[in-house]
Protein chains: 4
Amino acid sequence: MGIVLVGGRIVTAVDSYQADLRIEGEQIVAIGYDLEHPGDERILVDGCLLFPGGIDPHTHFDLPVGNISTADDFESGTKAAILGGTTTILDYATQFRGETLKAATLNWHRKADGRSYTDYGFHMAVTDWNMQVAQEMSMLVLKEGITSFKFYMAYKHTLQVDDESLLQALGQAKECGALVCVHCENGDVVYELVRQARAKGQTTPAYHPLTRPVTAEKEATSRVIALAQIAQAPVYIVHLTSEDALQVVTAAKLRGTQVYAETCPQYLLLNETCYQAEGFNGAKYVLSPPLRSRQDQESLWSGLRTGLLDTIATDHCAFNFVGHKDLGLTDFSLIPNGAPGVETRMGLMYTYGVVPGKISMNQFVNYTSTQAAKLFGLFPRKGTLAPGSDADITVWDPNGDSVLSVETLHQAVDYTPYEGFQQNGQVKHVFLRGRQVVREGQLHESQPRGVYLSRKSLPQKKG
Amino acid sequence: MGIVLVGGRIVTAVDSYQADLRIEGEQIVAIGYDLEHPGDERILVDGCLLFPGGIDPHTHFDLPVGNISTADDFESGTKAAILGGTTTILDYATQFRGETLKAATLNWHRKADGRSYTDYGFHMAVTDWNMQVAQEMSMLVLKEGITSFKFYMAYKHTLQVDDESLLQALGQAKECGALVCVHCENGDVVYELVRQARAKGQTTPAYHPLTRPVTAEKEATSRVIALAQIAQAPVYIVHLTSEDALQVVTAAKLRGTQVYAETCPQYLLLNETCYQAEGFNGAKYVLSPPLRSRQDQESLWSGLRTGLLDTIATDHCAFNFVGHKDLGLTDFSLIPNGAPGVETRMGLMYTYGVVPGKISMNQFVNYTSTQAAKLFGLFPRKGTLAPGSDADITVWDPNGDSVLSVETLHQAVDYTPYEGFQQNGQVKHVFLRGRQVVREGQLHESQPRGVYLSRKSLPQKKG
Amino acid sequence: MGIVLVGGRIVTAVDSYQADLRIEGEQIVAIGYDLEHPGDERILVDGCLLFPGGIDPHTHFDLPVGNISTADDFESGTKAAILGGTTTILDYATQFRGETLKAATLNWHRKADGRSYTDYGFHMAVTDWNMQVAQEMSMLVLKEGITSFKFYMAYKHTLQVDDESLLQALGQAKECGALVCVHCENGDVVYELVRQARAKGQTTPAYHPLTRPVTAEKEATSRVIALAQIAQAPVYIVHLTSEDALQVVTAAKLRGTQVYAETCPQYLLLNETCYQAEGFNGAKYVLSPPLRSRQDQESLWSGLRTGLLDTIATDHCAFNFVGHKDLGLTDFSLIPNGAPGVETRMGLMYTYGVVPGKISMNQFVNYTSTQAAKLFGLFPRKGTLAPGSDADITVWDPNGDSVLSVETLHQAVDYTPYEGFQQNGQVKHVFLRGRQVVREGQLHESQPRGVYLSRKSLPQKKG
Amino acid sequence: MGIVLVGGRIVTAVDSYQADLRIEGEQIVAIGYDLEHPGDERILVDGCLLFPGGIDPHTHFDLPVGNISTADDFESGTKAAILGGTTTILDYATQFRGETLKAATLNWHRKADGRSYTDYGFHMAVTDWNMQVAQEMSMLVLKEGITSFKFYMAYKHTLQVDDESLLQALGQAKECGALVCVHCENGDVVYELVRQARAKGQTTPAYHPLTRPVTAEKEATSRVIALAQIAQAPVYIVHLTSEDALQVVTAAKLRGTQVYAETCPQYLLLNETCYQAEGFNGAKYVLSPPLRSRQDQESLWSGLRTGLLDTIATDHCAFNFVGHKDLGLTDFSLIPNGAPGVETRMGLMYTYGVVPGKISMNQFVNYTSTQAAKLFGLFPRKGTLAPGSDADITVWDPNGDSVLSVETLHQAVDYTPYEGFQQNGQVKHVFLRGRQVVREGQLHESQPRGVYLSRKSLPQKKG
């Protein structure tokens, strides 16, 4: 017995056509016409678009930061995700200084296992590199299906690693088939500029972007690409925000470097004018790298249209305005960095990307799902609509406009940076491995059924 | 009653998975498992790859050039094409000076109708632009399904149009939804350099590339993009050959210009050393633009890998070595320009692109079929494997190596520039709109069944 | 008996030092201390700057344009020039269609000889190229000391030459040691855009810049550089106006191309907002290429600071607002193109370049005098302050501010585009070949004493 | 009573003319004709070129490196310098870890005072940055005339400073009018690559360049320019070696960044093939950054021709092949880095730059003298031939070819990397502040008469 979705339009990263889709068990088994078997459940999806379930390759659920933790844990975060059309998330498990990667992995399994409404995998963020950790990297790839490792060039004295570590890590990753992900901002620059700002009594959120200039991002992006070229290893730039950084990536791609870049809705839809918000409200946009100029926004859209960017993630890292963000009320440098977004990504990209024609519907699918699956070892199990793939399907009703508001969203955080933004269309149903988790926009499964995803390696470029 | 292809691997521009495919009438009706209906024919394709039938968007069949015509007409050319895995060709119908576009269209229908083994459409090459021709352009788009128009910046005093015409044509194309295709070489430069060469008694084929330098291509590419930017019209660069021209295209794409670029197997696989061939053999490679350096070859592969090139066409324009090429025995400028390639394109790109990992299998499909369908108004009828699409399918057997030779090819021309080249894998079967035209590598249909394709317009970029 | 200028500061393109300067006859004979000979005239120039007399390498005096001629002839134009600190001008003698270059040369000598207050030379503007004219080019270099030849890529159907002519001319110039100067705008584009504008009834001066977009300049600049690269000949871009064109020039210089570029005060100090002037006043700024954006202005200053631009000329081409410009009262395309500037160049560049530190004082000298002398075969006779050089000296008093106005200027035209502009400092004295032509800012010589300058060839780059 | 040099050709960075030059005391007092006073000494220099005495802004005399010191101390080094036509050197005084800048200054005065044949100044190389050192920087500028400070991005664990220090230093330099000089190679990269090479038993000199790739230089150059942009401070790149780094510098200059770059004869005349020298001879070329490819050499010449490079220094840092270099006989990483060049710079640049036309004679003067004087606060006292300037004059006889050899050079080191190189022309006389130190190519003064030069600040760019 299966399920047949009847009357919809199948949209992949390349195709778009009217057809029915049949699910059996956890997988898609056929796409076409006249697919129904006796006993099948038939679900009418006339006029709807069927997208591969969204994949958000960049979240921070239940992440301790100083004395607090991010507002969303795996339960609230993935519930919000799936209601927003995302069926897989990749969270950044984080090694704390002195910890082994094994310990960090176990720690993250404790946070996630049995509590996730979406399927999930882990990247491993490494903050304490040494030769033993290098060995563990290979183990995680082989045994744990953790095939991507993040390094920070920012956050001096806490998360930042030096270039020697980074170069070693790229070399090790190349050897064991892992992909190195990098937060590209020059942490020394930020540290010094924050010091200068504080010394001058510049304490409001408006100083956050001024102490993290585009040049610091461009520099770090350029640097890590140089290291990757020397190591002949692939590299993935997380949350690229600026025209300058995009130009650096483009030049490297043209030279044949295997470099990939992610951007986020906040960098496409919001800009530096947000820091002028009244009172302390600018704190809602204190995230790193910070929001940039309107011209940077246009350049990012251009990078998506041209195919020089690879993915749209959220960097969902939610802190409450009251109780978290206000730790920095008198000193912007104490504001926890980050903002929520896991629930709103698909809708925003559809509304502000596809509807006005900034990207095609195929590109929408590519950036919100397919490419992440390919780069992070989940394809073709995830990231497409095809026989044999997991039946992770977002049924999108292009009709029905709404207005985003913290009142109606499900993220466990007390604000959204998109308050008042229009959304065109809406999530109607969501299927996760064949099971209907969302029905008519409402959570239909009371229990979290997400499973852990052991991932494959990124194929290295030949020749 | 249908046909089910069983046990193959479906490959599109994004997907690659094991599944069966069912055809009914002219179309694909389902892809998946357990698709067979009673009475269906079952064809086992275990271990084979199923590609969307190849689309070659650049051929010159039965084209008069001076007192001769190209060696392949529609019958021989499309027979060779389909045996090589290509199911659709787009030929350049050509307006001769003084002729109306209507006359040129009729002329080309006379050449092609009832004689083509593949489906076919026409671009219209315009050599005599004026306001009346501008009106006809709109008519051809609306009434004839001819939605792309070619202009030559080369061939002074015969085909070349001036910038004023080109700018007007781009404006008209924008208005009526047509796509302008351009041969980018500065014809004035070539004319003068040929004059200088002849004045110095430089008459051998080795002088062909020296009188058509990369700079002349780069210049014209840069110029037509400037014109397209002024007209805010899309433009398609035919047969791009060089790193310099690719850089020009890339910069324009990043600026948001709707520019597309085609390259050809000869520019990827052959280079300027061919002109050093013994005796008059260099004449076999006299085509325009000419073959370039090894570094240019690498840059083109890099452009394909990065997605900055859009299509791989052949510019099939065959002349016999004996009887045609030798018209220029004592003066290279009299050698008819062009070379054959319609039969060998798919095999060469598979062998030298996919096998060594220079492009992925998905990119192979994209460049040999999908993108051409999208840019030239045939998608999703052509260019993909999906329910509802025409059942144009190339079943590729990855096993079985062979060596290319004019002895075994079906093109009606007395040489191939790829004589002695290895091919990995081979065309096993080809289906054209559900009908098996090639079986086990042999022509299975004695009659040409190709139909004329009325094409849609290219969607213009919004906002 | 000589003249000793005592107490001033000598400024060349590289030096700046306090010293006296002694003149004997037409030349500088010594610079240093204690130079006075018995009988010498001593002129105190305490606190003043001594610059090499300005060289304006781009004027159009007494040029017929349609039924009218430019407002300034050689007498009024050079009188204005020398009062503004310019001691040498290079005027564009112009071959009219059908005319020989010899005839054009004679024609220009008739206009200039005996009527010029500055020394003067001719470039030759060629509008009708053929093989006989090519021969004449060599003759002019050898016999007439005319070593630079201008070609127009703009002004279709009147002055414009095609690329074949341009390439031949570059080749011929290379052979005979001449320098080709080019007006870089794509005339076909302008012609078509003007046609479109007129067809839509767009007739005011505001449409002038819209029909001559930056892209048309960038394109032509890029094209002529390509031609120069093919011919391996040097080329000089007249009146470069935009960031885009500067980038093209810069890239070519880095590739080793011998390309030089001139800009003008109007492109540094005025911008496109001028075309919004009330009523028909925008016509005062109808010159070609047109004024550009503020960002272009900044880029040109940056090009001067970096040394990627070579000269600052005026393109002085004066038309009266009443009687000339108003020919285009109902159709901007009939407004004669050009504006005056020969008198104001030195003061404006000092005031808006040197005073605010946008260029150094040495660069000021380099761009207003030295480089022009070097490129156009006058160095070291002109363009520097050194023993053996002509005693062409502009004594500049850095004190004394004034306001520019048509009321006080000496140009024979009824407006200045710089009306109301501040000037810091002023011309105190001017010496031409040792003779004091301007004293205390007033004309001191009643007769024009300028001589014709037979010029040397530009040294071609070796190896 | 003075000295008159009669019959020579005066060459400055802009001029070149026949004239006499009169010296009185330490200075030039007049240039011109008929300058002789009663009692003057007259020296005939017919047919000779008079250049401003060379300034070498990058030497390492008497520098301790590990347990050894560089082979040339101030006495031998400056004697060689002045015999080679260089009258001023700027040596890198070096702060050792834990030392104050004051101590380092005193230390260097002890090495140099009374022992130098040329005039000399100090840069200060800072290896241990902190807030107290920042204060000292300002003191040195004000009190000691040390206005340039060097930082190393290379040499991890010994000389290398981190980006935070560098950014602070740039800020401090901006405030006190100092110029920051930077050795641009990513020391982390080098450290790791050396580790890898040693781990693989790669111990010969051939591995030196492989562990210091161009990418490491490009990266560091790009990074320090980013830091300079953030600090809005000028920066000077020492010994730039590669096309990649030059492109980075060029892009920054065009953006208006006040960045200057130095190259050296070894990067223009030698290349990576030197490391293939037989036996251990490659060690002679172990310097950092290492020698590069032929294409890099061409790019550097192009940078000089275009004016995008600023100075030609030597980085003279001599170690004997026997006794010094052989410390690394079994491990290339122990070879002391550096090579001699202070004596051969002027002759090589004349021979391989001016004679074949790669740079003009004016550029030769500019790069070997004038620009260094301007950038390092010595102009116009040094760096030009003008009244009022120090009479530092190199009289160059363009006739007389010779062959360079360690046998005939005066540097106190047992080899020259230019053994067997031709030299066209020769140093005839050298004057230092009016005193003839070299006569007919021989040392004429037995005592070192060089004085310490207290330098001015670099003018900061306005607006």
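How much area is buried between chain D and chain C, and what share of it do carbon and sulfur atoms give? Keep that question in mind as you open the structure, which is a predicted model.

**Stop 1: where chain D meets chain C**

About 2800 Å² is buried between chain D and chain C, and carbon and sulfur atoms give 57% of it. To see who takes part, colour the contacting residues: 37 from chain D and 38 from chain C.

Now look at the chain D side of this interface. The elements that each supply at least two residues here are β3 (16-18), β5 (27-32), α8 (243-254), α10 (294-306) and α12 (361-375) of chain D. Which of these elements gives the most to the side that touches chain C? It is β5(D), with five residues.

**Stop 2: two strands side by side**

Stay here and select residues 27-32 in chain C, which form its strand β5, together with β5(D). In which sense do these strands pair, parallel or antiparallel? They are antiparallel, and the pairing runs over three bridges. For a landmark, click G32(C): A30(D), in β5(D), stands opposite.

**Stop 3: two domains in chain A**

Domain 1 covers 3-51 and 391-443, while domain 2 covers 53-375. Taken over C-alpha atoms, the centres of the two domains are 27 Å apart.

Select the boundary between them: 37 residues of domain 1 are in contact with 48 residues of domain 2. Together the two domains of chain A bury about 3400 Å² between them, with 64% of that on carbon and sulfur atoms.

To see a salt bridge in chain A, select R433(A) and D119(A), whose side chains meet at 2.6 Å, N to O.

β7 (49-52), β18 (393-403), β19 (422-432), β20 (435-439) and β21 (442-443) of chain A each give two or more residues. The element that gives the most is β19(A), with seven residues. By type, the domain 1 side holds 23 nonpolar, ten polar and four charged residues.

**Stop 4**

Before the last selections, a general point: most residues other than glycine have a negative phi, and most peptide bonds are trans.

Zoom in on F379(A) and P380(A). The peptide bond from F379(A) to P380(A) is cis, with omega near 0°. You will find P380(A) in the loop between α12 (361-375) and β18 of chain A. Then jump to chain B, where the bond from F379(B) to P380(B) is cis, with omega near 0°. There, P380(B) sits in the loop between α12 (361-375) and β18 (393-403) of chain B.

Finish back in chain A with D62(A), in the loop between β8 (54-59) and β9 (64-65). The phi of D62(A) is near 55°, a positive value in a residue other than glycine.

Definitions and conventions. Residues numbered from 1 in each chain as written. Chains lettered and ligands numbered in written order. Predicted model: local features only at pLDDT ≥ 70, side-chain atom pairs only at ≥ 80, totals over all residues. Heavy atoms only, no water. Domains from an automatic or database assignment. Contact = heavy atoms within 4.5 Å. Buried area = accessible area lost by both parts, 1.4 Å probe. Salt bridge = Lys/Arg side-chain N within 4 Å of Asp/Glu carboxyl O. Helix = DSSP H or I, 4+ residues; strand = E, 2+ residues; numbered from the N terminus. Nonpolar A, V, L, I, M, F, W, Y, C, P; charged D, E, K, R; others polar. Pairing = 2+ DSSP bridges.
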